[in-house]
Amino acid sequence: MASSLNRVLQGRKLSYKLIEVLKSPSIFKATIVPKSQQMPSVNKHVVIKDVALERELRAHQLPAIKASPYIRQALDVIEKREDEDWSPSPPSITNRIVLEWMDTDLWLARPLDKGFSNPKLPQIVARSILDALVVFQEMKGVHTDINPNNIFISNLDAPLPTVKLGDLDNAFSEGVAKNSQNAQTHETRAPEVWQGLGVWHTSDIWSLGVTLSHWLMSRGLFGPCDKIIQDHNTAWCLAKIFRLIGPIDLPENPEYQDEFELAAALEASGYMDPNTGEPKPYINVGSLREELQKLPRDICSESCIDFIEHLLVIDPAKRPTAKVALQHPFLQSTAS
């Protein structure tokens, strides 16, 4: 891995020196190289990322994406020369994208029961990502991968930190992934995606609600992280949604129905603990409100709970759009 570091790569606009591997083998921290010895050394950091999917480059070229202060911006593109060896990246990687530097991601900035130095941070994060999702809403597009690792923050201790949505390699037009349950992560997957109805604008809203819940709780709540049965990830994830939010209608596609039926059984039943002989439930969480109310109020206020419940509505037709969610009272104290 050391062979990757200290390489200088020539982009369309500037040159960049790789100084740190952020995620092997595809994401690097780099500095901008001065154009001449007479120029002062530039200490500005950027992120350089392998382009595995060309649609990520295309997304960053869209005028609405380029104009948004709430979406992490692409600054340059590096094209592989014939004489260059980018190993350990695979030979199929022929482009790298240069992204603006952000100090941290949302997961690394979770409260861990200690509260926030800036008590308005939950509102600032929520409003910023909703503003980013308005861009997708107006383009009839979907991000499909809203999660705590794809939300980035800079100047965390400032009165108004900078919060941006990143990683556009899974951005599509609305309706993608019909008759498929594979879009979005297990944790953040919306009910309609589990039903095989595709990913829509409000599917991203669901993912934001889950993301905020996990960030504030500093742990997973939705998804299979606590699964105690073999296989059946789908059924377990569905059973968690049934318990936390409520039931989801059985999908029309018969290929998905068995997992929905198993999920209903898991949510309603339990097992005998082999060590104690005591009965225990399979799904060991309460409702979403009950779980969020376990947090200190300075991390998650009652208004914050109301807001997250506002986002996490089973029926996508009744779930708010980004524009509607921005009008929620929880966010009004951060309105510009």
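A residue counts as buried when its relative accessible area is under 20%. In this predicted model, T188 has a relative accessible area of 3%, so T188 is buried. T188 sits in the loop between β12 (176–178) and α4. Setting aside neighbours within four places in sequence, T188 is in contact with I146, N147, W206, S207, V210 and T211.

T234 also falls under the cut-off for burial, with a relative accessible area of 15%. This residue belongs to helix α6. Beyond its neighbours within four places in sequence, T234 is in contact with Q181, W194 and E259. R189 lies over the face of W194, at 4.5 Å from the ring centre. A second case involves R72, which lies over the face of F152 at 4.3 Å from the ring centre.

L197 gives another picture. The relative accessibility of L197 is 46%, so it counts as partly exposed. L197 is found in strand β13 (residues 197–199). Residues up to four places away in sequence aside, L197 touches K178 and E192. L197 and S180 are 17 residues apart along the chain, and their C-alpha atoms are separated by 7.7 Å.

Aromatic rings were examined next. A pair of aromatic rings is described by the distance of the centres and the angle of the planes. The search of the whole structure finds four aromatic pairs. One of them joins F116 and W215, with ring centres 5.1 Å apart. The planes of these two rings meet at 40°, so the pair is tilted. This pair links distant parts of the chain, 99 residues apart. F116 lies in the loop between β7 (104–105) and α3 (121–138), while W215 lies in helix α5 (residues 201–217). Both F116 and W215 are buried.

Another pair is formed by Y271 and Y282. Their ring centres are 5.3 Å apart and their planes stand at 35°, so this pair is tilted. Y271 is in strand β14 (residues 270–272), and Y282 is in the loop between β15 (279–281) and α8 (288–292). The pair therefore ties together parts that are 11 residues apart in sequence. Y271 counts as partly exposed because its relative accessibility is 26%. Y282, at 23% relative accessibility, also counts as partly exposed.

Helix α7 (residues 254–268) was checked for length and for its two sides. At 1.5 Å a residue, its 15 residues should span 21 Å. The end C-alpha atoms of α7 are 22 Å apart, which agrees. At the start of α7, a side-chain oxygen of N253 reaches to within 2.9 Å of the backbone nitrogen of E255.

Within α7, Y256, F260, A263 and L266 are buried. These four residues cover an arc of only 120° around the axis, so they lie on the same side of α7. An α-helix has 3.6 residues a turn, so residues three or four places apart point the same way. The buried residues of α7 pack against α4 (191–194) and α6 (233–244). On the other side of α7, P254, D258 and A268 are exposed.

Methods:
Residues are numbered from 1 along each chain as its sequence is written. This is a predicted model: local features need pLDDT of at least 70, side-chain atom pairs count only at pLDDT 80 or more; totals for chains, interfaces and linings use all residues. Side-chain values use heavy atoms; hydrogens and water are left out. Rings of Phe, Tyr and Trp (its six-membered ring) pair if their centres lie within 6.5 Å; planes under 30 degrees apart count as stacked, over 60 as edge-to-face and the rest as tilted. Buried means under 20% relative accessible area, exposed over 50%, partly exposed in between (1.4 Å probe, protein chains only). A charge sits over a ring if NZ of Lys or CZ of Arg is within 6 Å of the ring centre and within 35 degrees of the ring normal. The expected span of a helix is 1.5 Å times one less than its number of residues. The arc is that of the directions from the helix axis to the C-beta atoms. Contact means heavy atoms within 4.5 Å. A polar contact is a pair of N or O atoms within 3.5 Å; within protein, one must be able to donate a hydrogen and the other to accept it, and residues adjacent in sequence count only if both atoms are side-chain atoms.
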